[in-house]
Every structure is written in C-alpha cells, then in structure tokens.
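This report describes a protein chain in a predicted model.

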Amino acid sequence: MTVLTRTLGDGLTVSSLGLGCMGMSEFYGATPGDDPESIATIHRALDLGVTLLDTSDMYGRGANEALVGRAIAGRRDEVVLATKFGIVRHGDDPLLRSLNGRPEYVRAACEASLRRLGVEHIDLYYLHRVDPAVPIEDTIGAMAQLVAAGDVRHLGLSEASARTVRRAAAVHPIAALQSEWSLFSRDIEDEVVPACRDLGIGLVPYSPLGRGLLTGAVSDANALSIDDIRRRAQPRFQGANLDHNLHLVEVVKRIAERHGCTPGQVALAWVLGRGDDVVPIPGTRRRRYLEENVAAARVQLDHEDEVILGSFRAAGARYVDMTAVVGDTPEAVA
C-alpha cells in the first residue's frame, strides 16, 4: 500500500497523496492539546510513503506546526514539509482574523514557523491567502528572498485567482497552488486550473472529501459539534443546502458499493483522476482513516462513474464570505 509519487511545479516531487494536519489541532470540534494519535497518524503516513505534510501557522495559532515538528523529529529527511502564512489570528476564535502579505511580515512569519517546526528549512511555503491591500509582486518578492537565503525551497499560493497566479509566477517560480477542489467544489476548474497548467504549477486540493461530507459520516447538522467551523461558517452544511448535498452523497455511496470501497475513496479517486499534477491532501487525525485514504489510489472509476460524478453541483457556497478566496491585489507600482 506504499504511495507513488507525483511532480508538482518547480521540480518538486511529492507523494501522490499528502496529509492535511489542520484538524489535528482545531476547527472540526474538540481536539486534544497534545494528541498521541495525531502523532501516530503522521508516523504511519511516513511509513506508507506519504511524504507531503501540510500545516499552517494559523492552525491552532501555531500549535499545529509545533505538533508536526514533534512528529517529524528524527525523520526530517522523509518529509516534504509544507506550511503557510498570511492569515493573522485575533484571539481564540478562528473566525476572527485578518490578512497580512506585507514584505516585512513575510520574514518574521517564516522565522516563527521554522522555530515551531524545529527545522532549518521549509520545503514548500505558501501564501495562505492573498492580501488584497498588497501587490502580489511585493509579497512574492519577499518570499523569493527566503528561497535565496535557504530558509525555503519552493513557493506556493493558496486560493489565488488565475490573474494573481500569473502575476506571482512572473516574479518567481511557483511550485503549487492549493485550493479547495472536490466533487463539491469545482469553481477553480474554469480559470485557475488552466492557468496553473499553462505555467507548469502543480495543484494541491485541500478538503478533497468535502470537509468530511463525502465520506458519508455526516447525516445532519446536529452530527457536528456546536463549535465545529462547518456548522458555524459554511453554508454547504446548513439547511436546504445540506439536504441537497446529502442526496448527492447517496449517489457516491451507490458507486462505492459497486466498487467495493468506501464513499470517501470514490471521492478521492475522482480528485486523483484529475491529472498527474494533482496531489490532494485529505486531513485526518486517525490512522484508520489515513489508511483508507491511501487505499483510494487503487480505486478505478469507469466512464459511467465519471459522467455521473461530473454532473455534481453542490448547494451552498464554500464560505459565508468568499471574497478572501477570489480576490486580487493592486498592481505593483514600478
């Protein structure tokens, strides 16, 4: 069950499936502050050949980076370590935040991440969200200085428009664009994916399981804890939208039964099938779900499946406020 590899942009080779570590620290209900199972899950991922680990300085307000750092201690050479900066938290509520892409902030954020992770360099450093107040050329220019200094190996963007991706790539090679992409989130396919492929930028879909909805584990909103971010801030998990989306999940379940696999494996197989430049990063803090996700690479969808799944249109926006994931920045002043 060892994972194969794929190559993103800028010559960055990673496992064909990564591990999103965000949920190990917060967002999806209560999480232990120092979770042995999360660390065991990271170790199991490395044992299976999952090299790409994804975190961010805003997950748990730094706690997630510290957890990942502890987990990879002694195994650094097995890891392609990705982290992100640019979202600034204000207090414990994850919805209280602002964006910062100012050049002077870039180095400070990177240095703090290096300390928490306990490493000498970051393999893939993403701008987590584009700051609409700062020209993208200025932010990427500062990130490029981190590459020149040896603190970072490759640069990435998260949730950037096609126009912003092109402007960023004109400053420095971009290895990966991370964005939500799943059977339920298809908005990047019209402009962002073609732009990335024109520029040789790899695609790293987060939430490829529809934030758990496509696994069939969510039956209604009451199945989520009151502090779960999905229940609080994502219309896709609310009211009539959720009813519609659960109907689509039933279709995925029927396809899974025909293939003798789980609904989540069907959803992951679909994302993996979008191209050899696509490396999804499903998140979990449980070894058994990690192993299920890795096994999705063996699921082969047929033409009938592709037609059915390709017609999916989820109800409800990904976020209450979509401006942070579709915005642009002002032009740089020469």
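## Helices α1 and α2

Helix α1, residues 36-47, packs against helix α2, residues 63-72, at an angle of about 55°, and their axes are 9 Å apart. The crossing of α1 and α2 is right-handed.

On the α1 side, the residues in contact are Ser38, Ile39, Ile42 and His43. They meet Leu67, Val68, Arg70, Ala71 and Ile72 of α2. Sorted by class, this contact of α1 with α2 has six nonpolar residues, two polar ones and one charged one.

## Helices α1 and α10

Helix α1 also packs with α10: the axes of α1 and α10 come within 9 Å and cross at roughly 30°. The two helices, α1 and α10, are therefore roughly parallel to each other, because angles under 35 degrees are counted in that class. The crossing of α1 and α10 is right-handed.

From α1, the contact draws on Glu37, Ala40, Thr41, Arg44 and Ala45; from α10, it draws on Arg287, Leu290 and Glu291. By class, the contact of α1 with α10 has three nonpolar residues, one polar residue and four charged residues.

The buried residues of α9 are Pro263, Gly264, Gln265, Val266, Ala267, Leu268, Ala269, Trp270, Val271 and Leu272.

Both strands and helices are included in what covers the buried residues of α9. The strands named are β1 (5-7) and β11 (202-206), and the helices named are α8 (239-259), α10 (287-295) and α11 (303-310).

## Val266 in α9

Val266 is found in helix α9, which spans residues 263-272. Its relative accessibility is 0%, so Val266 counts as buried.

Not counting residues up to four places away in sequence, Val266 touches Val252, Ile255, Ala256, Cys261, Leu301 and Leu309. Val266 and Thr215 are 51 residues apart in sequence, while their C-alpha atoms are 8.9 Å apart in space.

Asp305 counts as buried because its relative accessibility is 0%.

Leaving aside neighbours within four places in sequence, Asp305 is in contact with Ile255, Arg258 and His259. Ile255 is also among the residues that Val266 touches.

## The chain as a whole

The secondary structure of the protein chain comes to twelve helices and eleven strands. The chain has 334 residues, and buried residues make up 58% of them.

Among contacts between residues at least 6 apart in sequence, 77% join residues at least 24 apart. The protein chain exposes about 13,300 Å², and carbon and sulfur atoms supply 51% of that area.

Note on methods: Residues numbered from 1 in each chain as written. Predicted model: local features only at pLDDT ≥ 70, side-chain atom pairs only at ≥ 80, totals over all residues. Heavy atoms only, no water. Axes fitted to C-alpha atoms, helices over the stretch in contact; angles between N-to-C directions. Helix = DSSP H or I, 4+ residues; strand = E, 2+ residues; numbered from the N terminus. Left-handed = near helix turned anticlockwise from the far one by under 90°. Contact = heavy atoms within 4.5 Å. Nonpolar A, V, L, I, M, F, W, Y, C, P; charged D, E, K, R; others polar. Buried < 20%, exposed > 50% of the residue type's maximum accessible area, 1.4 Å probe, protein only. Areas by Shrake-Rupley, 256 points an atom, 1.4 Å probe, with all protein chains shown as cover. Parallel < 35°, antiparallel > 145°, perpendicular 65-115°, else oblique.
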